[in-house]
Amino acid sequence: MKLLMLWRTLSVGGLLGLIFWIILWNGWLTPEQYVPRWLELLVLLAPLMYLVRGILHGRVSTSVHAILISLLYIIVGFWFAISPPEQLYGYLMLVFSTSLYLGSFMTAKVLGERAKEAREAAE
């Protein structure tokens with residue numbers, strides 16, 4: 001039970017950290033804007049908003065979706081990390097998206113094992 005709480009906390013922290021960091025960076029801290037702010041915020045936040053409710057409620061299917069979506073943010077984090085004016089943005093995006101990935105992966109694994117044990121006990 002304690003491990004599940006650890007993984008869920010890591011997943012929620014990664015998701016909320018990623019959301020707040022994207023808003024903070026693109027809203028106030030960005031050195032240069034190549035596209036309109038509203039468009040960049042919409043494109044970067046829409047997939048994360050899809051995950052919020054399910055991750056907060058600890059749903060397995062949402063954790064699986066979070067695994068896949070976080071991989072996209074890891075790629076974006078690498079892309080920004082190699083750009084000198086936006087390295088900080090990229091590094092923190094990598095940290096948050098990696099914690100979202102690890103937390104969601106382990107949450108799905110633990111809950112999947114529990115479901116399997118419950119099915120076996122019912123048979």
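Trainee: At what angle do α1 and α2 pack, and how far apart are their axes?

Mentor: First, a caution: this is a predicted model. Now the general idea. Angles run from 0 to 180 degrees between N-to-C directions, so the direction of each helix counts. Here α1 and α2 pack at about 160 degrees, and their axes are 10 Å apart.

Trainee: Why is α1 roughly antiparallel to α2?

Mentor: Angles over 145 degrees count as roughly antiparallel. The angle of about 160 degrees therefore makes α1 roughly antiparallel to α2.

Trainee: Is the crossing of α1 and α2 left-handed or right-handed?

Mentor: The α1 and α2 crossing is left-handed.

Trainee: Let's turn to the surface. Which residues form the nonpolar patch?

Mentor: Patch residues need over 30% relative accessible area. In this model the patch consists of Leu16, Phe20, Ile23, Leu24, Trp28, Leu29 and Leu56. Together they have about 690 Å² of accessible area.

Trainee: Which helix gives the most to the nonpolar patch?

Mentor: Helix α1, residues 2-29, gives the most, with 6 residues. Leu56 sits in helix α2, which spans residues 37-57.

Trainee: How far apart are Leu56 and Thr98, in sequence and in space?

Mentor: Read the two separations side by side. Leu56 and Thr98 are 42 residues apart in sequence. In space, their C-alpha atoms are 18 Å apart.

Methods
Residues numbered from 1 in each chain as written. Predicted model: local features only at pLDDT ≥ 70, side-chain atom pairs only at ≥ 80, totals over all residues. Heavy atoms only, no water. Patch = residues over 30% accessible without salt bridge, like charges linked within 9 Å, V, L, I, M, F, W, Y side chains within 5 Å. Areas by Shrake-Rupley, 256 points an atom, 1.4 Å probe, with all protein chains shown as cover. Salt bridge = Lys/Arg side-chain N within 4 Å of Asp/Glu carboxyl O. Helix = DSSP H or I, 4+ residues; strand = E, 2+ residues; numbered from the N terminus. Parallel < 35°, antiparallel > 145°, perpendicular 65-115°, else oblique. Left-handed = near helix turned anticlockwise from the far one by under 90°.
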